[in-house]
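Open the model in your viewer and keep the selection tool ready. The stops below tell you what to select next and what is there.

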Amino acid sequence: MPVSNCGDRGPVDVDPGFLEDPSLFRDELPQPYRRINKILFEDIFEEAWQQISKRECDRIREASRIRPPIYDCATPLLLGDSKVHCLAVSPDSLYVFIGLSDGLAILSALTQNVEAIWKDGGVEIVEAELKALSDNSLLIFADYKNDIVR
């Protein structure tokens, strides 16, 4: 008696999903529920996901931004009731000239101490520029509030 070969049986009608997990298959919803599902997914969830993604990108961008260093002043600057309007740095970076609402103050950049203060009640310096005349002298161009340069 001849032995039959397994490959000789011919075509067999087998559902391709027969051997797969039935929990992976979903039935198609009826029309009104498909529309509700489409509105929920495309309109509400997609918009919410875009908002979440945008906020996450903004948070990452803000966290990766380089911030300037913040230095604490070792000693408080005793400038009285004057308001600071401008700053100018000497060419050798040893002194900071501070334009005040009633004069000018000179601050040592190394010691952070006020070296000198010139006060005049009618003078309000809004802009200052420094030029080196020699190693030990500076020329200060000061623009006052009433547009006079001294």
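Select strand β2, residues 95–100. This strand is mostly covered, with 5 of its 6 residues buried. Buried means under 20% relative accessible area, exposed means over 50%, and partly exposed lies in between (1.4 Å probe, protein chains only). Strands (E, at least two residues) and helices (H or I, at least four) are DSSP runs, numbered from the N terminus.

The model is predicted: local features need pLDDT of at least 70 and side-chain atom pairs count only at pLDDT 80 or more, while totals for chains, interfaces and linings use all residues. Residues are numbered from 1 along each chain as its sequence is written, and side-chain values use heavy atoms, with hydrogens and water left out.

Strands count as paired if DSSP finds at least two bridges between them. Valine 89 stands opposite valine 96 in β2.

Now the turn. β1 and β2 form a hairpin with 5 residues between them. Pick serine 93, in the loop between β1 and β2. Serine 93 is not a glycine, yet its phi is positive, about 60 degrees. Its relative accessible area is 47%, so serine 93 is partly exposed.

Next, strand β3, residues 103–108. β3 is antiparallel to β2, with 6 bridges between them. Phenylalanine 97 has isoleucine 106 in β3 as its bridge partner.

**The cores**

Select Cys86, Ala88, Phe97, Leu104, Val123, Ile125, Ala128, Leu130 and Ala142. These 9 residues make up the largest nonpolar core. A nonpolar core is a set of buried Ala, Val, Leu, Ile, Met, Phe, Trp, Tyr and Cys residues joined through side-chain atoms within 4.5 Å. β1 (84–89) and β5 (125–134) each supply at least two residues of this core. The largest share, 3 residues, comes from β5.

Apart from this core lies another, of 5 residues, including Val96, Ile98, Leu100 and Leu107.

Which residues touch alanine 88, leaving aside neighbours within four places in sequence? Tyr95, Val96, Phe97, Ala128 and Leu130 do, where contact means heavy atoms within 4.5 Å.

**The helix**

Move to helix α1, residues 31–64, and pick isoleucine 36. Isoleucine 36 is partly exposed, at 45% relative accessibility.

**Salt bridges**

How many salt bridges does a search of the whole structure find? It finds 6. The criterion is a side-chain nitrogen of Lys or Arg within 4 Å of a carboxyl oxygen of Asp or Glu.

Stay on α1 and select aspartate 58. Aspartate 58 meets lysine 54 at 3.4 Å, N to O. Both lie in helix α1, 4 residues apart, about one turn. Aspartate 58 also bridges to arginine 61, the closest N and O atoms being 2.9 Å apart. Arginine 61 is exposed, at 54% relative accessible area.

Last stop: glutamate 129 and lysine 131, whose side chains meet in a salt bridge at 3.2 Å, N to O.
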